[in-house]
Structure formats: C-alpha cells, structure tokens
Amino acid sequence: MTDSTTDLTGDTIAIGILGGSGLYRMEALQNPQEQRIETPFGPTSDAIITGTLDGVPVAFLARHGRHHHLLPTEVPYRANIWALKTLGVRYLLSVSAVGSLQMAAKPLDIVLPDQFIDRTRNRVSTFFGDGLVAHIAFGDPICAALSGLVAEAIDSLALSEVTLHRGGTYLCMEGPAFSTRAESQLYQSWGATVIGMTNLPEAKLAREAEIAYCTIALVTDYDCWHPDHDSVTTEMVIGNLHRNADNARSIIRETVRRLGAQPPESIAHQALAGALLTPLDKVPTATLDRLAPLLAPYR
C-alpha cells in the first residue's frame, strides 16, 4: 500500500491524466516535454506530455490524439496504460465526455461513476494471455479513495452551474455511432447513469497495471431516450464540452494539488497479488519481457 503521508512532489511521475473529447492539452503544465514511448503494443494515442502542475509532476495524454484522429475502438488502450505505467503512474484521472441516461444528470453536470457495464465488442481489455493467466478482482472498478479525493476537490471549487453526482454506472458502448433510441431506453431501464465509449477498457487495464483509476464524466447531453430533447449530435456534444473544458482543468489542477500533498492508499496498488495463476517460471520469456513493468513486484 502507498503511505498516505508520502509526498509526490519529487521526480516521480505518479499522476496521469487522460484527456477525452474536448480536452486535448493542459495549458497550465509547466516545463512541458513530449515523451514518445515505444511499447510492445504499438504507439500510444499521441506523445505523452510530462511536466508539473503547481510543482507536482504529471503525465498528460490525449486519449484520441491531440487532433482527435482515433475512433473509440481505435484507441491503443494497452499501449497507453503500459506507457503510463513505465513512467511511474500510480493514480490515473480519466476525463471523459458522456451522455446522460437519467433525468437527474443534466448536461454540464459531472458524474463520478463507481460501476461499469460493458457493451463493447471489439476491444482487447487485458494484458494477459500468451502463456500467463491472471484474473483481477473487478467488483469495484473505480478506486473509491481516488474518487473521494476528486469529489472533495470539486466541492472545494464551488463551481457555478455544476452539479456533482457521486456514484453511478457508466455504460461503455462500442460506437462510433450513438445509440438507437431502443438501445438508449434499454440502458436507461437498467439503471445506468451515463453512457460513453472509452472508459471500461482503460479501467480494466489500469487495474491490471495496479494503477488507481477514476472517471471524471462530463455530461454533454441527454442520450436519445429523452422524449423532449433532439437526438444527440456531434455539434451539441462539442459545444457543451467547450463549456466544460475550463471546469475540467480546474478540477484536475485542484485534484493534483491534493494528490501531491497526500496520496491515498488504494487497493489497486496490489491488484495482482493473488491474481497470477500461472507460475512465472512457466511463462514464456517473451511474455515476461512484454509485461515486465507490471510483473516487477512479483519476480
């Protein structure tokens, strides 16, 4: 476990930020440097930008690329998480655009989900295989300690026109098309709170990499289930994203400040303890080499 009194303001880059649609850069980063990290899973979505926020080292990566050239299915999730792990990231803040499936979560609100439903079909969401079997516990996919710290940061900012929803279910769909009305009504009937296209693969891979993960979901629209609203359009989504961008940057900055001063303990940091079923001396060398950053504590 991480000592809750540890200071993260040294040289270690323990905090990662994944920027979603509308959040392609962090202008407040000081001394930014581009890091292009070769991974066994191909290139990352874009260069990882390292620097500091108020003296705290961070690594920022635009999930879809800084010019938004990657579909949700095309995002190299394994490469992104592997690269962040090699930099030393232990806490990962995922900023994401979502549609709302519930009346209470209004456009421009912020949701901190604590559960996921997987409706993807074409994603590789594990580092394991090729001679190494592991089954992580994933009943609670979001780090509660990290999510709680984010909630405290949001409350402290007293952002105008922003309602925070603590908890909820993020339904992750394949995309890139938005839902049919029948699908949207089905997901609403399941009790899902918001819908997006990216966060579940990230959350699974982050847990396998023993990184504490938290989704900061920015509501851009009511999904097409809503009888009194037009069907979702890209223009609607982007317009609300731009309105939320400044709030997202403020939230990240305050969260990073708090993380740097007092990083919380997280069960994610020991996720592989007891999860590795294959004896490591029976695993092919190529697999061990590929997963060396994840397996280092267990070799």
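The largest nonpolar core of the predicted model contains 48 residues, of which Phe127 and Leu132 touch the most other members. Several elements each supply at least two residues of this core, namely strand S4 (56-62), helix H1 (77-86), strand S5 (91-100), strand S9 (169-173), helix H4 (199-208), strand S11 (212-222) and helix H7 (292-295). The largest share of the core, 6 residues, is that of H1. When residues up to four places away in sequence are not counted, Phe127 touches Phe41, Arg78, Ile81, Trp82, Leu205, Glu208, Ala209, Leu291 and Leu294. In soluble globular proteins, nonpolar side chains tend to be buried together.

Helix H1 is largely enclosed by the rest of the structure, because 8 of its 10 residues are buried. The buried residues of H1 are Tyr77, Ala79, Asn80, Ile81, Trp82, Ala83, Leu84 and Lys85, and among them Ile81 and Trp82 are contacts of Phe127. Just after H1, the backbone at Gly88 takes a positive phi of about 105°.

Helix H4 is likewise described as largely enclosed by the rest of the structure, since 9 of its 10 residues are buried. These buried residues are Asn199, Leu200, Pro201, Glu202, Ala203, Leu205, Ala206, Arg207 and Glu208, and of the residues named here Leu205 and Glu208 are touched by Phe127. Pro201, which is found within H4, counts as buried because its relative accessibility is 1%. The C-alpha atoms of Pro201 and Ala296, which are 95 residues apart along the chain, are separated by 22 Å.

H4 is followed by Glu210, whose phi is positive and near 60°, a value that is found here in a residue other than glycine. Glu210 belongs to the loop between H4 and S11 and counts as buried, because its relative accessible area is 5%. A positive phi, of about 50°, is also present at His68, which is not a glycine. His68 lies in the loop between S4 and H1, and because its relative accessible area is 33%, His68 is classed as partly exposed. A further backbone feature is the cis peptide bond that joins Gly175 and Pro176, with omega at about 0°; Pro176 is located in the loop between S9 and helix H3 (181-189). Most residues other than glycine have a negative phi, and most peptide bonds are trans.

A search of the whole structure finds 0 disulfides. A disulfide is a covalent bond between the sulfur atoms of two cysteines. For Cys143, the closest cysteine sulfur is that of Cys214, at 7.9 Å, and this separation is too far for a bond. For Cys214, in turn, the closest cysteine sulfur is that of Cys143, so the distance of 7.9 Å again is too far for a bond. Both side chains belong to buried residues: Cys143 counts as buried because its relative accessibility is 6%, and Cys214 counts as buried because its relative accessibility is 0%.

The structure holds 1 cavity of 30 Å³ or more, and the largest cavity has a volume of about 30 Å³. The residues lining the largest cavity are Ser21, Gly22, Leu23, Val95, Leu218, Leu241, Ala245 and Ala248. By class, this lining is made up of 6 nonpolar and 2 polar residues, with no charged residues. The largest share of the lining, 3 residues, comes from helix H5 (residues 234-261). Helix H5 is also the place of Asn247, which is buried, because its relative accessible area is 16%. Leaving aside its neighbours within four places in sequence, Asn247 is in contact with Leu159 and Val162.

Definitions and conventions:
Residues are numbered from 1 along each chain as its sequence is written. This is a predicted model: local features need pLDDT of at least 70, side-chain atom pairs count only at pLDDT 80 or more; totals for chains, interfaces and linings use all residues. Side-chain values use heavy atoms; hydrogens and water are left out. On a 1 Å grid over the protein atoms alone, a cavity is a set of points where a 1.4 Å probe fits but cannot get out, and a pocket is an open set with protein on both sides within 12 Å along at least five of seven lines; lining residues have an atom within 4 Å of a point. Grid points are joined across faces, edges and corners, and a volume is the space filled by probe spheres set on the points. Helices (H or I, at least four residues) and strands (E, at least two) are DSSP runs, numbered from the N terminus. Ala, Val, Leu, Ile, Met, Phe, Trp, Tyr, Cys and Pro count as nonpolar, Asp, Glu, Lys and Arg as charged, and the others, Gly among them, as polar. A nonpolar core is a set of buried Ala, Val, Leu, Ile, Met, Phe, Trp, Tyr and Cys residues joined through side-chain atoms within 4.5 Å. Buried means under 20% relative accessible area, exposed over 50%, partly exposed in between (1.4 Å probe, protein chains only). Contact means heavy atoms within 4.5 Å. A disulfide is a pair of cysteine sulfur atoms within 2.5 Å.
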